[in-house]
Amino acid sequence: MPKNTAEEKFARKLAMNEAMKNAVKPQMDLLDTCLDVLRLMAFYVEKGSRIMVSDAAVGAALCRGVMESGYINVVVNTSAIDDLAYTGDTEAIIDGAFEESLHRSAPYFNIIIDGITVPKE
């Protein structure tokens, strides 16, 4: 977009803000999905066999990695958005989701399955 006049600069700024908001949405959706997976894992581990615990630990590690990378992307993208109400709300949501993911994934680290500590120290 051109940025020669004040009007063009303003239009460009508005377009960039909308583009950044659009870039944040898929990351937020992915974080919601990861939280859903972490919530379901606890249920299946509780109701399933001991063997499922190792599968859940791997899933928790993957979800944790996705949550961390999504968190970084959202923070970087919201830092470029001028809409303070939007960025404040979005960052509050992402902070809460990230904290919940850490809480929900923590039980799958340093677990003992049939005498084997996961992960190994």
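**Note on helix packing and the core**

1. Seven residues of α1 meet α3: Lys21, Val24, Met28, Leu31, Leu35, Leu38 and Arg39. Their partners in α3 are Tyr86, Thr90, Ile93, Ile94, Ala97, Glu100, Ser101, Arg104 and Ser105. By class, this contact has nine nonpolar, three polar and four charged residues. The model is a predicted one.

2. How do the axes of α1 and α3 cross? They come within 10 Å, at roughly 25°. Angles under 35 degrees count as roughly parallel, so α1 is roughly parallel to α3. The crossing of α1 past α3 is left-handed.

3. Lysine 21 deserves a separate look. This residue sits in helix α1. Is lysine 21 buried or exposed? Its relative accessibility is 18%. Buried means under 20%, so lysine 21 counts as buried. Leaving out residues up to four places away in sequence, lysine 21 touches Ile81, Asp83 and Tyr86. Tyr86 is also among the α3 residues that meet α1.

4. Glutamate 8 is another charged residue in helix α1. Its relative accessibility is 25%. Not counting residues up to four places away in sequence, glutamate 8 touches Pro2 and Lys3.

5. Now α2 against α3. Their axes come within 10 Å and cross at roughly 165°. Angles over 145 degrees count as roughly antiparallel, so α2 and α3 are roughly antiparallel to each other. The crossing of α2 past α3 is left-handed.

6. Which residues make the contact between α2 and α3? From α2 come Ala60, Arg64, Met67, Glu68, Tyr71, Val74 and Thr78. From α3 come Thr87, Thr90, Glu91, Ile94, Asp95, Ala97, Phe98, Ser101, Leu102 and Ser105. By class, the contact has eight nonpolar, five polar and four charged residues. Thr90, Ile94, Ala97, Ser101 and Ser105 of α3 meet both α1 and α2.

7. In soluble globular proteins, nonpolar side chains tend to be buried together. Here the largest nonpolar core has 17 residues. Met41, Met67, Val74 and Tyr108 touch the most other members. Helices α1 (6-47), α2 (51-78) and α3 (84-105) each supply at least two residues of this core. With seven residues, α1 gives the most.

8. What does methionine 41 touch beyond its neighbours within four places in sequence? Its contacts there are Ala56, Gly59, Ala60 and Tyr108. Tyr108 is itself one of the core members with the most such contacts. Ala60 also belongs to the α2 side of the contact with α3.

How values were computed. Residues are numbered from 1 along each chain as its sequence is written. This is a predicted model: local features need pLDDT of at least 70, side-chain atom pairs count only at pLDDT 80 or more; totals for chains, interfaces and linings use all residues. Side-chain values use heavy atoms; hydrogens and water are left out. A nonpolar core is a set of buried Ala, Val, Leu, Ile, Met, Phe, Trp, Tyr and Cys residues joined through side-chain atoms within 4.5 Å. Buried means under 20% relative accessible area, exposed over 50%, partly exposed in between (1.4 Å probe, protein chains only). Helices (H or I, at least four residues) and strands (E, at least two) are DSSP runs, numbered from the N terminus. Contact means heavy atoms within 4.5 Å. Axes are lines fitted to C-alpha atoms, for helices over the stretch in contact, and angles run from 0 to 180 degrees between N-to-C directions. Angles under 35 degrees count as roughly parallel, over 145 as roughly antiparallel, 65 to 115 as roughly perpendicular and the rest as oblique. A crossing is left-handed if the near helix is turned anticlockwise from the far one by less than a right angle, and right-handed if clockwise.
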